[in-house]
Amino acid sequence: MIVDLILDRRELEQELAEQGATMAEYAEYYRGLPEQQKIFSPTPYEAGAFYREVREYDRVFDGIGLEILQAMDYGTEDDVKKALCRYIIECGYNPEICDFINAAEWLGEYA
């Protein structure tokens with residue numbers, strides 16, 4: 001589900017912060033890994049990949065990510081954050097996830 005994409009990103013960012021690294025630094029490191037090792041390493045956040053995964057969930061679950069996709073296509077960073085938080089609240093997930101959503105950037109390459 002879309003919430004898993006959000007939580008995976010939050011977990012990776014927390015691990016990176018503990019190590020004193022940023023997502024951009026990790027993305028550079030990840031690009032240099034051999035393909036076999038990438039299979040066992042978390043994928044760095046990239047807005048295009050996130051968009052494609054949300055689109056796939058939207059296709060499978062008939063519209064679940066439509067508002068998020070529209071915000072990413074036509075809106076601002078704030079619009080994306082609002083759409084993500086609405087998804088969290090409407091699906092009954094822990095609203096504290098919105099704290100992470102609002103602290104992160106969702107439209108940048110390696111936000």
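What volume does the largest pocket have? In this predicted model, the volume of the largest pocket comes to about 310 Å³.

## The largest pocket

The lining of the largest pocket is made up of 14 residues, and those that lie nearest its centre are L5, D8, R9, T43 and P44. Two helices, α1 (2-18) and α4 (47-60), each supply at least two residues of this lining, and α1 gives the most, with 6 residues.

Sorted by class, the lining of the largest pocket has 7 nonpolar residues and 6 charged residues, together with 1 polar residue.

## Packing of α1 against α4

On the α1 side the contact involves I2, L5 and I6, which meet F50, E53, V54 and Y57 of α4. The residues of this contact divide into 6 nonpolar and 1 charged, with no polar residue. L5 of α1, which takes part in this contact, is also one of the residues that lie nearest the centre of the largest pocket.

## Packing of α4 against α5

Helix α4 also packs against helix α5 (residues 66-74), at an angle of about 150 degrees and with the axes 9 Å apart, and the crossing of these two helices is left-handed. From α4 the contact draws on A47, F50, Y51, V54, R55 and D58, while α5 contributes L66, I68, L69, M72 and D73. By class, the contact of α4 with α5 comprises 8 nonpolar and 3 charged residues, and no polar ones.

F50 and V54 of α4 take part in the contact with α5, and F50 and V54 also meet residues of α1.

## Packing of α5 against α6

Helix α5 packs in turn against helix α6 (residues 77-90), with an angle of about 175 degrees and a distance of 8 Å between the axes; that angle makes α5 roughly antiparallel to α6. The residues that meet are E67, I68, A71 and M72 in α5 and D79, V80, A83, L84, R86 and Y87 in α6. This contact has 7 nonpolar and 3 charged residues, with no polar residue.

I68 and M72 of α5 belong to the contact with α6, and I68 and M72 also belong to the contact with α4.

Notes: Residues are numbered from 1 along each chain as its sequence is written. This is a predicted model: local features need pLDDT of at least 70, side-chain atom pairs count only at pLDDT 80 or more; totals for chains, interfaces and linings use all residues. Side-chain values use heavy atoms; hydrogens and water are left out. On a 1 Å grid over the protein atoms alone, a cavity is a set of points where a 1.4 Å probe fits but cannot get out, and a pocket is an open set with protein on both sides within 12 Å along at least five of seven lines; lining residues have an atom within 4 Å of a point. Grid points are joined across faces, edges and corners, and a volume is the space filled by probe spheres set on the points. Helices (H or I, at least four residues) and strands (E, at least two) are DSSP runs, numbered from the N terminus. Ala, Val, Leu, Ile, Met, Phe, Trp, Tyr, Cys and Pro count as nonpolar, Asp, Glu, Lys and Arg as charged, and the others, Gly among them, as polar. Axes are lines fitted to C-alpha atoms, for helices over the stretch in contact, and angles run from 0 to 180 degrees between N-to-C directions. A crossing is left-handed if the near helix is turned anticlockwise from the far one by less than a right angle, and right-handed if clockwise. Contact means heavy atoms within 4.5 Å. Angles under 35 degrees count as roughly parallel, over 145 as roughly antiparallel, 65 to 115 as roughly perpendicular and the rest as oblique.
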